[in-house]
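Trainee: I would like to learn how to read a structure one feature at a time. Where do we begin?

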Amino acid sequence: MGVAIGLGLGLGGLGLGLGGLGGAGGAAAAASSTLRLKSPYCSTLRFFSFCSIPIPRPPAATRSLIFFPPPLPSSSGRRCFCSVISGALHSRDRTKPDIPHKCSRSEGVVGHFRRKLRIADIKGGPEQGLDRLGQTLQLHGWVRTLRVQSTVTFIEVNDGSCLSNMQCVMSSDAQGYDQVESGSVATGASVWVQGIVVNSQGSKQKVELKVNKIVVVGKSDPSYPIQKKRVSREFLRTKAHLRPRTNTFGAVARVRNALAYATHKFFQDNGFVWVSSPIITASDCEGAGEQFCVTTLMPSSRDVVDSPVDGIPKTKDGLIDWSQDFFGKPAFLTVSGQLNAETYATALSDVYTFGPTFRAENSNTSRHLAEFWMIEPELAFADLDDDMACATAYLQYVVRYVLENCKEDMDFFNTWIEKGIIDRLSDVAQKEFVQLTYTNAIELLLRAKKKFEFPVKWGCDLQSEHERYITEEAFSGCPEIKAFYMRQNDDGNTVAAMDVLVPRVGELIGGSQREERLEYLEDRLEQLKLNKESYWWYLDLRRYGSVPHAGFGLGFERLVQFATGVENIRDAIPFPRTPGSAEF
């Protein structure tokens, strides 16, 4: 059976293509790729062409095709979107408990989307749930702990919306208590709970839920690896699919989410346009050559494990014949979206990218990942001073946002991960940034009464120990900016660039004023032995209306580390990709 469904809308027009619905309809679809149905209410018609997709034919009783027709003329003037939905659900494929708050499927309009009531909605306000006393509420979540006593059972339920659990108190006369007795309500199980909000008898929370009904949505096998006892983060990295159910990684995920939201909000509020930079590229922005190759010259199926090396096409000279590859030349996973962002900055003025980047650096340190996210704004008609002002304003904004909107999680980090992290972040959010040139930074390090592992001299690249000394000791926790590379300065020895250094992490942001002069950029490409033909479009930006522009890059996982205090960057991203590890 083949099904092909499509919808085109335009000025009241409706077009549908349906194929493989069985009988005459299937025959018609086989002969023609589209079937046009004209609505009596439309004046124009648009349609798409479709390819048939074979799917198993379900029993007639479970097969459904639902049409939402164009609106009939009415005095109310209300308008609706039209859509076509085709679905097949095998009753034997999924079973759902009889949860009473779910409405049954019936003919009619699609129901309104409603935000679920979350534990954070109940306990997150200033009253911590006391304003809901006496209300009957329904919650979904996962069982964290279970304590069965002689007359009452305590079930801690968490839905991921906040660090706090909802303590559910259940007596033996509550509906569904047999699931407690049978062992179905266990750590890790998903449950639906209904009860009345009452004052808590304990000291850890203001309110609790007196349960009158519980339904086990999904049982948890006794082998569930995340129990009440504490486990190491190294162990949890081997269980990355389950670790967000722990306090630490749930809190990290929420803070990461808050930082991402604050990032978009800062740039959007300041007139920047978000640009989706490509993941596949033929350019090396960093010039380091540590890129992952993207190729179809090797089999793309599971047979790749057994594919012979001599199956890769070669030229007469014995080199890889890249002309036969998918893109006709070598292609790689991007290490940066900067170059692409610059193209849009020369048209839209201020833009930013926020997406995944990759580096094939064989490093197993706690500071490196093979896949990571980068935030890279580009400002047109801007110099290095504008760049530094934007970088510091951005950093202070997102730090303030987390402190104000993730208080419970930040208190957790302050207690269990890094004592004093709230004070450290508050300093960054409130204090003025110190601006320090590279030359002055070197002189400061040379005067330091401290022995460094890496010797200091003018021209060296500052190491993490140097950066942390500057921020944590020389300036007593003040964030700091050092300027030293990219656009060539008039002295011929330095370039117009900066790094933002923060306590405990060191370098957090790196940026520069970009080289807008064509002849200087061409000379630089030659010095680095980079192929000019690969950067022809980038050079064009300097030929056609070039402007002074600047930007910076920030590794998002480094920012998450800075905001949460987690020491290993592998704990700052949901599924870390590192040398020898690509699980999940």
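Mentor: We begin with burial. Buried means under 20% relative accessible area, exposed means over 50%, and partly exposed lies in between (1.4 Å probe, protein chains only). Thr334 is buried, at a relative accessible area of 5%. This is a predicted model, in which local features need pLDDT of at least 70 and side-chain atom pairs count only at pLDDT 80 or more, while totals for chains, interfaces and linings use all residues. Residues are numbered from 1 along each chain as its sequence is written, and side-chain values use heavy atoms, with hydrogens and water left out.

Trainee: Where is Thr334 found?

Mentor: Helices (H or I, at least four residues) and strands (E, at least two) are DSSP runs, numbered from the N terminus. Thr334 is in the loop between strand S14 (331-333) and helix H6 (338-348). In total, the chain has 14 helices and 21 strands.

Trainee: Which residues does Thr334 touch?

Mentor: Contact means heavy atoms within 4.5 Å. Not counting residues up to four places away in sequence, Thr334 touches Pro278, Ile279, Thr281, Pro356, Thr357 and Phe358.

Trainee: Which backbone oxygen does the side chain of Thr334 reach?

Mentor: A polar contact is a pair of N or O atoms within 3.5 Å; within protein, one must be able to donate a hydrogen and the other to accept it, and residues adjacent in sequence count only if both atoms are side-chain atoms. For the side chain of Thr334, the backbone oxygen is that of Ser336, at 2.6 Å.

Trainee: What share of the residues of the chain count as buried?

Mentor: The share is 43% of the 584 residues. For contacts between residues at least 6 apart in sequence, 65% join residues at least 24 apart.

Trainee: Is Lys529 buried or exposed?

Mentor: Lys529 is exposed, because its relative accessible area is 75%. Its phi is near 55°, again a positive value in a residue other than glycine. Lys529 is in the loop between helix H12 (518-527) and helix H13 (536-543).

Trainee: How do I check the length of a helix?

Mentor: The expected span of a helix is 1.5 Å times one less than its number of residues. H5 has 23 residues, so it should span 33 Å, and its end C-alpha atoms are 32 Å apart, which agrees. Just after H5, Gly271 takes a positive phi of about 85°.

Trainee: What surrounds a residue inside a helix?

Mentor: An α-helix has 3.6 residues a turn, so residues three or four places apart point the same way. As a case, take Arg254 in helix H5 (residues 247-269). Arg254 is buried, with a relative accessible area of 17%. Leaving aside neighbours within four places in sequence, the contacts of Arg254 are Gly160, Ser161, Cys162, Leu163, Cys406 and Asp409. A polar atom of the Arg254 side chain lies 2.9 Å from the backbone oxygen of Gly160. Arg254 and Leu163 are 91 residues apart along the chain, and their C-alpha atoms are separated by 9.4 Å.

Trainee: How do I read paired strands?

Mentor: Two strands pair if DSSP finds at least two bridges between them. Strand S7 (residues 153-158) and strand S8 (residues 166-170) run antiparallel and are joined by five bridges. Across this pair, Ile155 stands opposite Cys168 and Phe154 stands opposite Val169. S8 also pairs with strand S10 (residues 207-218), in the parallel sense over two bridges, where Cys168 has Leu209 as its bridge partner.

Trainee: Why is S8 largely enclosed by the rest of the structure?

Mentor: S8 is largely enclosed because five of its five residues are buried. In a regular strand the side chains alternate between the two faces of the sheet. In S8, Met166, Cys168 and Met170 are buried on one side, and Gln167 and Val169 are buried on the other.

Trainee: Which strands form the closed barrel?

Mentor: The closed barrel has five strands, in the order S6-S7-S8-S10-S9, with mixed pairing.
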